[in-house]
Amino acid sequence: MNTKVVLEYDGTGFSGWQQQTGRRTVEAELKRALRELTGRDHKVYAAGRTDAGAHALGQVVSFDLQGRLAPGRLVAALNARLPEDVAAVSAEATEAGFHARYSARWRRYRYRYLDRPARPALGRGHCWHLGRSLDVAPMAEAARALVGKHDWTSFCAASEPAASRVREMRSAKVVRRGAVVDLELVAEGFLRGLVRSIAGALAEVGLGRRPPSWPAELLAARERRLAPKTAPARGLTLMEVIYR
């Protein structure tokens, strides 16, 4: 039975989503839970491979559920076996052609900055504490210039194949909520390192070190060596995957 599951996880204690020998990953924990539950190994597909230290509120996975367990019981059964930093939020049977990655239309990520002087205690693993005030207006201006279909070479990891670096950015917003500043991005797909590189560039703008035009100039240059240092993974959360 082709099955769709939405996961939430705190990425602090993980080496990312993708299974890796000798490392703790979200994919490995999910596969272990499914094996304990059904006695069988499962091939699982995720909508996005989050980085080490990055989080998810709406990661979507799909797999062919083995055994006789009904999807309606799967959430409770998985949560009884998953570690406390991973939770199944929902589960449902879906059409045979559904694929968590390839059926997705859009993905929504949030990058969170904290710009108050005092360091965080409760949210320290879920934001980038800058300790200096960010000017949101030029950050928002810079972000808007990134909307559209572009070659993201300047902002993605060098390991990404050159032939597949074009993606459409549907929206890019910067919003202040008290001492928190959120960068919210919606795109058809996110190359490795893309959100964190954009977040790093916008921080330079918000701190007054670069003009609002700078990220767009980097984008047009299509040269990774010109890009700024990437923002820390702890501020990054996969919020939602959109299939319509």
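**Helix pairs and selected residues**

Reader: At roughly what angle do the axes of helix H3 and helix H4 cross?

Author: Helices (H or I, at least four residues) and strands (E, at least two) are DSSP runs, numbered from the N terminus. Axes are lines fitted to C-alpha atoms, for helices over the stretch in contact, and angles run from 0 to 180 degrees between N-to-C directions. The axes of H3 (residues 136–144) and H4 (residues 194–206) come within 8 Å and cross at roughly 140°.

Reader: What kind of model is this?

Author: Residues are numbered from 1 along each chain as its sequence is written, and side-chain values use heavy atoms, with hydrogens and water left out. Local features need pLDDT of at least 70, side-chain atom pairs count only at pLDDT 80 or more, and totals for chains, interfaces and linings use all residues, as the model is predicted.

Reader: How are H3 and H4 oriented to each other?

Author: Angles under 35 degrees count as roughly parallel, over 145 as roughly antiparallel, 65 to 115 as roughly perpendicular and the rest as oblique. H3 and H4 are therefore oblique.

Reader: Which residues of H4 make the contact with H3?

Author: Contact means heavy atoms within 4.5 Å. H3 supplies Pro138, Met139, Ala142 and Ala143, and H4 supplies Leu202, Ala203, Val205 and Gly206.

Reader: How does H1 lie relative to H2?

Author: The axes of H1 (residues 26–38) and H2 (residues 71–79) come within 10 Å and cross at roughly 110°. That makes H1, relative to H2, roughly perpendicular.

Reader: How many residues of the contact of H1 with H2 are nonpolar?

Author: Ala, Val, Leu, Ile, Met, Phe, Trp, Tyr, Cys and Pro count as nonpolar, Asp, Glu, Lys and Arg as charged, and the others, Gly among them, as polar. Leu30, Ala33, Leu34 and Leu37 in H1 meet Leu74, Ala77 and Leu78 in H2. No polar and no charged residues take part, and the nonpolar count is 7.

Reader: Is Asn2 buried or exposed?

Author: Buried means under 20% relative accessible area, exposed over 50%, and partly exposed in between (1.4 Å probe, protein chains only). Asn2 sits in strand E1 (residues 2–9). Its relative accessible area is 16%, so Asn2 is buried.

Reader: How far is the backbone oxygen of Glu95 from a polar atom of the side chain of Asn2?

Author: Asn2 is in contact with residues including Phe63, Glu95, Ala96 and Phe98, leaving aside its neighbours within four places in sequence. The backbone oxygen of Ala96 lies 3.5 Å from a polar atom of the Asn2 side chain. For the backbone oxygen of Glu95, that distance is 2.8 Å.

Reader: Which residues does Arg81 contact, leaving aside its neighbours within four places in sequence?

Author: Arg81 is in the loop between H2 and strand E4 (86–93). With a relative accessible area of 29%, Arg81 is partly exposed. Its contacts are Arg32, Ala33, Glu36 and Leu37.

Reader: What separates the C-alpha atoms of Arg101 and His42?

Author: Arg101 is in the loop between E4 and strand E5 (106–114). It is partly exposed, at 41% relative accessible area. Arg101 and His42 are 59 residues apart along the chain, and their C-alpha atoms are separated by 16 Å.

Reader: What is phi of Arg222 near?

Author: Most residues other than glycine have a negative phi. Arg222 is in the loop between helix H5 (214–221) and strand E10 (236–242). It is exposed, with a relative accessible area of 51%. Its phi is positive, near 50°.

Methods: Polar contact = N/O pair within 3.5 Å; in protein donor to acceptor, adjacent residues only side chain to side chain.
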